[in-house]
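Thanks for making the time this morning.

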Amino acid sequence: FKAITGIEERRYAETNQVTSDLGYIAAKEAIADANINPEELDYIILAHNFGDVKSTAIQSDLLPSLATRVKYRLGIENPNCVAYDILFGCPGWIEGMIQANAFIKAGIAKKCLVIGTETLSRVVDKNDRDSMIFSDGAAAVILEETNNTGGVLSHESATHAIEEASYIYFGNSFNPDAPDNSKYIKMLGRKIYEFALTNVPSAMKVCLEKTDIDISKVKKILIHQANEKMDEAIIKRFYKLYGVDMPLDIMPMSIDKLGNSSVATVPTLYDLILKGKFDNHSLKEGDVIIFASVGAGMNINAMVYQV
């Protein structure tokens, strides 16, 4: 399994925790790191896919929204702090960043809290070996208006929804004795692999070419931690579009220890690097990085960001 996916360990939420609990914990840490008053937040944008699913339940709880639940737990009284959820597959956190940046650029927001949180362990079929890649996790950031250069420089998003729409879906267990009313996350692995290799590199190229930055100036690429071999193939193909080889240290990977936590993989990876918890990888002010993701929908996005 490790040889195929790169995954050696995974992390799961405590049995008394749900997705919004993890999101709340991450949100508190982001607010503390940014040293802001949470009452100043204009938006709370929370990306997830399956809502709050208790460890003993088969039903998802989405009412009220998970973003509203996090706002409540944070004790924010300001009614003008708008809280809403994003259901965009694994690229949800990046899409939340794109939306928050748009709000700031449009002058209708100054501070946004963007959260990616998921407990995939609650929706996996233990009789499906594809489910072995999934894990739980959460991360959050404060995106705010500043006078500094940098930040989000460009983005690219797409939804492929013809044949590709059902590559990841909710279906019955592979256990013939399981009840029909229990549904689990399912995916067409080979189809997804081929889709990602065909479409993600070109989306990243379009995104980078919206800036005037040469590919040689890209310090790191933080790609959704889905499958190590697939991610490496995507980045190699991206550099091949420019006629150059992939740099050896361009693609930090956390999937070996954290597994695939969907919307949380990219921001948790970024957090580990920023806080010096990732061997042989670091970032400093002015560095240019690319975020990229692919997932259910089938959705793709990419974002060029300057630290």
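Strand β1, helix α3 (residues 66–74) and strand β2 make a right-handed β-α-β unit, where right-handed means that, with the strands pointing away from the viewer, the path from the first strand over the helix to the second runs clockwise. Helices (H or I, at least four residues) and strands (E, at least two) are DSSP runs, numbered from the N terminus. Please keep in mind that this is a predicted model, in which local features need pLDDT of at least 70 and side-chain atom pairs count only at pLDDT 80 or more, while totals for chains, interfaces and linings use all residues. Residues are numbered from 1 along each chain as its sequence is written, and side-chain values use heavy atoms, with hydrogens and water left out.

Two strands count as paired if DSSP finds at least two bridges between them. β1 pairs with β2 (residues 82–87) in the parallel sense over six bridges, and there Y43 has V82 as its bridge partner. β1 also runs parallel to β3 (residues 111–119), joined by five bridges, with L46 standing opposite I115.

Six of the six residues of β1 (residues 43–48) are buried, so this strand is largely enclosed by the rest of the structure; buried means under 20% relative accessible area, exposed over 50%, and partly exposed in between (1.4 Å probe, protein chains only). In a regular strand the side chains alternate between the two faces of the sheet. Here both faces are covered, with Y43, I45 and A47 buried on one side and I44, L46 and H48 buried on the other.

Finally, E14, in the loop between α1 (2–5) and α2 (19–34), is exposed, with a relative accessible area of 52%.
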